[in-house]
Amino acid sequence: MYNYDVVIIGGGVGGLTLALKLAQSGVEVLVVEKEKNPGKIYKGELLQPKSLMYFDELNVIQPILDVSHPLSTIHTYEVEELKDGRVRENMYIPLHYSRLAFKYPEARMIPHETLKNILLDKASSYDSFHYWNPAVFKGFSEMNEKKHEYSTALIHMNKEDLHVSASFFVGAEGRSSAIRKAMKQQVVTTQYNHHFLTVTFPRPESYTEARMYASHKSFIGLFPLPDNEVRCVMLIKPGDYPKMKKEGLHTFTEPFSHFEPELADYVTQIESWKQIQLMIPVRHNIHEYVKGNAAVIGDAAHAVHPMAGEGMNLAIQDGAVLGDLLAWMHETNNKNPSLLKQFEQVRKKRADRLSLMSHFSALGYMWPFRWYQFGRMQALKRFERHPILHYKHMLNISGIGWWNYTPFDGIRFFGPSWMYLKRRFRRRCEEAIFTEKDDYPWRYS
Ligand SMILES: Cc1cc2nc3c(=O)[nH]c(=O)nc-3n(C[C@H](O)[C@H](O)[C@H](O)COP(=O)(O)OP(=O)(O)OC[C@H]3O[C@@H](n4cnc5c(N)ncnc54)[C@H](O)[C@@H]3O)c2cc1C
């Protein structure tokens with residue numbers, strides 16, 4: 001029988017952030033990861049400012065800054081596709097992270113596996129970190145189902161079934177979470193009327209800005225990565241993927257050449273459909289993140305639509321917050337499982353809001369009608385031009401705070417942009433930022 005303080009199932013970004021925090025605090029932590037080789041599917045690559053702040057606290061920020069690409073503005077273009085294939089710009093809407101008075105007023109693009117390797121390397125430098133790979137969590141072999149007290153997990157490694165006991169178990173296994181199932185959590189799922197195709201291809205050195213192009217019937221996003229690569233996404237109708245594959249690779253590459261002629265010679269370097277991944281967006285939520293001495297984080301707790309670039313960030317931020325709580329319980333020698341609920345109190349509301357915001361961002365691109373695009377353009381224009389709405393939007397997506405959308409926004413939406421009180425605005429901006437007490441309330445009780 002093996003024994004640890006905390007067992008984390010899943011060595012993705014969420015599980016590794018949590019494990020790093022615990023290892024730094026001297027908590028004996030085991031991460032169980034089933035995949036031996038780096039994941040081949042594309043996953044989140046955009047780090048929001050709040051995630052950068054947590055990595056700063058975990059003393060792992062420098063290697064991340066060294067190998068990531070900064071984005072201070074998301075350039076959004078509403079366009080019209082002309083009959084000859086060219087594209088005409090209708091409206092340009094830049095959304096600036098620099099509006100945020102924060103240590104990291106930018107997002108960062110980093111390849112998913114590079115980030116995981118940085119976290120794993122750093123965690124491995126601590127004696128209290130243990131990593132079983134490849135190893136699969138099979139379920140609990142001992143538990144009190146009524147009280148949700150889990151005492152022993154069954155882990156399959158090297159053709160053997162191993163019994164591992166721990167004070168706490170964390171499910172960080174992504175969308176299909178076995179711990180979530182053991183916790184008997186009902187998943188509420190939302191599906192969408194579109195899919196995405198995504199791929200990384202080379203870019204010119206000068207192509208350094210993130211751009212999103214939307215016409216009434218198309219959407220593509222281009223996000224520069226380090227090493228002169230660019231990650232792109234294209235929205236398609238369900239069922240279009242097999243048709244496009246049949247017709248040829250040009251059905252994927254041509255739109256990019258039209259929307260972004262500068263990349264025409266680069267997108268054609270994609271050699272086969274094997275490089276392009278189909279991504280089916282889904283949103284799911286559960287009622288409780290904690291049951292007894294078990295908790296779920298990241299995609300195991302909440303999968304979000306990728307439009308606002310939040311999925312990976314929610315996982316990292318869950319890991320950092322739960323990590324601090326478990327570290328504090330270790331420091332104060334208090335292993336009462338009921339304290340775990342404080343993680344849910346901090347994180348669930350934030351995750352639910354960002355999940356809803358990602359959902360609304362997705363709704364903005366759901367229907368291929370000109371009037372729909374017109375409505376979206378009016379909304380985006382107000383968001384960009386009105387100082388409060390611009391700030392609110394960037395604050396909320398960055399994760400560094402939350403400022404509720406209110407009925408007043410409706411008035412702001414249609415009223416002139418200059419109608420706001422500067423002093424009050426500054427005070428509200430400060431109040432909306434999460435403090436250390438908001439993030440780690442147990443340290444202040
Ligand atoms: C195709 C795709 C594209 C995405 N694109 C974006 C994007 O553009 N932007 C964005 O922000 N987010 C995106 N996301 C979401 C983002 O990648 C996830 O939100 C994030 O990776 C969640 O992290 P996680 O640690 O919770 O789970 P994961 O990254 O899924 O990690 C879970 C880990 O658990 C392991 N595991 C699972 N079951 C077991 C088991 N029984 N035993 C042991 N190990 C197990 C898995 O192998 C995996 O390594 C995308 C997700 C997918 C699937």
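How do the residues of the shell around the ligand divide into nonpolar, polar and charged? They comprise eleven nonpolar, ten polar and eight charged residues. Here Ala, Val, Leu, Ile, Met, Phe, Trp, Tyr, Cys and Pro count as nonpolar, Asp, Glu, Lys and Arg as charged, and the others, Gly among them, as polar.

The model is predicted, with local features requiring pLDDT of at least 70 and side-chain atom pairs pLDDT 80 or more, while totals for chains, interfaces and linings use all residues. Residues are numbered from 1 along each chain as its sequence is written, and side-chain values use heavy atoms, with hydrogens and water left out.

The shell around the ligand holds 29 residues, of which Gly14, Glu33, Lys43, Gln277 and Asp299 come nearest; a residue belongs to it if one of its heavy atoms lies within 4 Å of the ligand. At least two shell residues come from each of helix 1 (13–24), strand 9 (135–144), strand 17 (277–279) and helix 9 (311–331). Helices (H or I, at least four residues) and strands (E, at least two) are DSSP runs, numbered from the N terminus.

Individual atoms can now be considered. An oxygen atom of the ligand is 2.7 Å from an N or O atom in the side chain of Lys43. A polar backbone atom of Lys34 is 3.2 Å from a nitrogen atom of the ligand, and a polar backbone atom of Gly311 is 3.2 Å from an oxygen atom of the ligand. Taken alone, the ligand exposes 990 Å², and the protein buries 89% of that; such areas come from the Shrake-Rupley method with a 1.4 Å probe.

A pair of aromatic rings is described by the distance of the centres and the angle of the planes. Rings of Phe, Tyr and Trp (its six-membered ring) pair if their centres lie within 6.5 Å; planes under 30 degrees apart count as stacked, over 60 as edge-to-face and the rest as tilted. The count by this rule is 20 aromatic pairs. In one of them, the ring centres of Phe201 and Phe256 are 6.2 Å apart and the planes stand at 75 degrees, so the pair is edge-to-face. Because Phe201 lies in strand 13 (residues 195–202) and Phe256 in helix 7, this pair ties together parts that are 55 residues apart in sequence.

Two loops complete the tour. Asn158, in the loop between strand 10 (149–157) and strand 11 (160–171), has a positive phi of about 50 degrees although it is not a glycine.

Notes. Polar contact = N/O pair within 3.5 Å; in protein donor to acceptor, adjacent residues only side chain to side chain.
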